[in-house]
Amino acid sequence: MKSAEAKARRNKILTQIVLIIMAFIMLVPFAWMILTALKTNQESISVNPFYIFPANGWHWENFATVWKSYNFIILYKNTLLMIFFRVVCACLTATMAGYAFGRLKFPGKKILFTMVLIQMMVPAQIFIIPQYLMVSKMGMLNTTFGLVWPGIVTAFGTYLLKTGYEGLPMDLEEAANIDGCSVPGRFLHIMMPLTKSSMVSLGIFTAVFAFKDLMWPMIVCTNASTTTLSAGLAKMQGQYGSEYPTMMAAATLAVLPMVIIYVIFQKQFVEGIATSGGKL
Amino acid sequence: MKGLRERLGPWLETETEKMRGMTARQRFSYILTYYWLWILGIISVVSISGYMIYRAAFAVKDYWFYGMYVNTMENGGNGSPLWRDFVMYAGYDTSVKKVEMNASAWFDPSVRGGTNNSYYQAFVALVESGDLDVVVMGREGLQGIGSSGRLLDLKDPKCAAIAEKYADRIVTCIPYDTEYSEDPVPVGIDISDSLLVTKYHLYEDDCVLGISAYTQRPESAEVFLDFLFSEPQEAK
Amino acid sequence: MLKNMSPKEKTEAKWGLLFVAPTMIGLIVLNFYPIFNTIYQSFCKTGDFGKGNTFVGLANYSKVLAAPETWQSLWNTIKYALIEVPFGIVIALILAVLLNKKVAGRSVYRTIFFLPMVCAPAAVAMVWKWLYNTQFGLLNNVFHTKVAWISDPNIAWISIGVIGVWSIIGYNMVLFIGGLQEIPGDYYEAASIDGANGFRQFFSITVPLLSPTTFFIVQTRIIGALTVFDLMFMVMDKTNVALKKVQSIVYLFYQYAFTNGNKGYGATLVVVLLVFIMIVTFILQQVEKRVVYHN
């Protein structure tokens, strides 16, 4: 029998091996993206695989070119504003609805929840024209409000939080109920704080989806001063057509803020464990 | 509702009772601690509704003209020389209605991939919502769009004036929907020698103009065409 | 029903409806009005060249249901889901479990696995197109093969499925980690003391307690995989020989509604897909009652 220590060490090494292999597979496309950003246009077009690494020096100036040709500050600002409001709205509406679907009894619950699910079952393209018309008629084109509009409610978030609330122990709530705590009271003070990890997940997903969303900002924002990162960069892809290095540099710059936001929020995840009382 | 009013009275009484013995400062911090959520909620609701009403009432929402130039590298958007000259020529007052020009669209109906679908979907959304009036593209591209039935059939009485005036420049396409017509349908007007090419250099030589099938303002298309073939004004 | 409830239940019902009101109103205004519009459109032939909708009854449906390409693309979509859902979930689960413990470099790994999620779909498509390129692609040159990854009708769907799995692992992993954190650590401690090893703990503790989250992910990923479109659109050219065996229903919808301007036919495809997904969801809900562990 192996000693407990040797076994633990063997497990740790195995884990690391698995993780490293998976990480490598995940990273290959990104490595290619960044390396292409550092090549000259000539090198990037020649699909000869031996040109994986830039041959004549690393052309960091591609990044500078991209940075200068677009007012990235405005793009970041617009994108962050949109993401912020979408996350706030989505979390608010989804947590209330998720609690109701997960823990309260009311008439029509099944039908309403089916409606929530149905929203996810249709392709997003059918929503574009009606939503565009609504925003146009409200006079909200080229505004942050218009950008946030489709993201005010989220069916996915509602379902996610419903699952989260259903996973919470019933005793806490029953105790509060017996004590005479009103519904909003026990929601606000007891149940909602316990779903922190679900809300963080929802926040991350909303932020990522809002960030990647290209269709909607493209339709709603025609002024360069109100457009978002994805739409602004897509424009560049149209303009520079086949200049891969600049496009890849732009794509890398676009991914950067999201990674930073994720790293920040991800720490919340870890801290959440410590504060929620002895969970793993 | 009645229950609410019944509870409001006693609530107000107990709160004023609690605050009797406090200074103004203590009262303020008391309210802030216990009712911050209500305060935040009310402020949000009021400010958002106010903003929405303001925009709905005062923002410029209608268009004089909405044109889209596809696959061009030049600046043809709002504020560009093309835009300014057109507004001046047509005499439109932009504080009453908007004149919108969109030169950020790159797609080719025969090719797929990349952001192609997004620009194309944006274009389709604009056309089918009735906002877009005019689209300018290369010949083949426009014929492709025309085949999908999104451009106005120039035989339609709505644009009879245009069809007549520019009868020698008509470009046709064959619709996908054979029930509508098996013969070529006139959908485009060739403008390869107009100001768009000669003065503003948005295109090299191949460009055709099509009118959206859902447009509410075919007359603005006519004004635009007249502008394109007018005598170039001296740069001011 | 309202009459039989005690005052306490009535209050709860009132609050329940109040809490779901913002979401439901938002969904109805933003999403249900377009959905009903689409259903109505499926019964019409949308006017070309500026004419309005003309009601044609079930003509679109008979055309759609009779066309072999509809069924082929439905089968393609199912095939894609068969790759993306199980592999995406199992791999993500393993990674989430590994990354939930105190592993060296945990934050770094979590960020790396999260990266595909944030990458613009267009960039992802371009990169994988290059990887799969028959002549110059990385895969063919590293393994010294000449496989036509995305133009061979027999394996193209697998290649696309692989891209799907690659993109979705980070997403599933984040959800799994969230679910794992809800499991109290004491259970694992007690099991260790009782002598249960890693695998035993995983199957007796983790799997049951994680089942609500797992079910949620399975359900949403099935719906998501069945509505896939962007992936195929961007990686495969219109001229690709293997397209017929890979295109999904939503891809078909896009072709008819957007490219060809035949919105009625496209709307019909959407309705057909919707009905199919609802049937699948219904079956899943029945399974849930038996398989998922509830508190």
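Predicted model: local features only at pLDDT ≥ 70, side-chain atom pairs only at ≥ 80, totals over all residues.

Colleague: What is the mean pLDDT of chain A, and which of its elements has the lowest mean?

Modeller: The mean pLDDT of chain A is 78, with 84% of its residues at 70 or more. Among the elements of chain A, helix H2 (residues 41-45) has the lowest mean, 60, while helix H5 (residues 109-120) has the highest, 91. Over residues 271-280 of chain A the pLDDT falls below 50, yet this stretch has 16 contacts in the model beyond near neighbours in sequence.

Colleague: Is A:Cys91 buried or exposed?

Modeller: A:Cys91 counts as buried because its relative accessibility is 14%, under the cut-off of 20%. C:Cys44 is also buried, with a relative accessible area of 0%.

Colleague: How is the size of an interface often given?

Modeller: It is often given as the accessible area lost when the parts come together. Between chain B and chain C the buried area is about 2200 Å², and carbon and sulfur atoms give 52% of that area. Chain B brings 27 residues to the contact and chain C brings 22 residues.

Colleague: Which side chains meet in a salt bridge there?

Modeller: The rule finds 1 salt bridge across this interface; the side chains of B:Glu128 and C:Lys263 meet in it, at 3.0 Å from N to O. On the side of chain B that touches chain C, H4(B) gives the most, with 5 residues.

Key. Residues numbered from 1 in each chain as written. Chains lettered and ligands numbered in written order. Heavy atoms only, no water. Buried < 20%, exposed > 50% of the residue type's maximum accessible area, 1.4 Å probe, protein only. pLDDT = per-residue confidence, 0-100. Helix = DSSP H or I, 4+ residues; strand = E, 2+ residues; numbered from the N terminus. Contact = heavy atoms within 4.5 Å. Buried area = accessible area lost by both parts, 1.4 Å probe. Salt bridge = Lys/Arg side-chain N within 4 Å of Asp/Glu carboxyl O.
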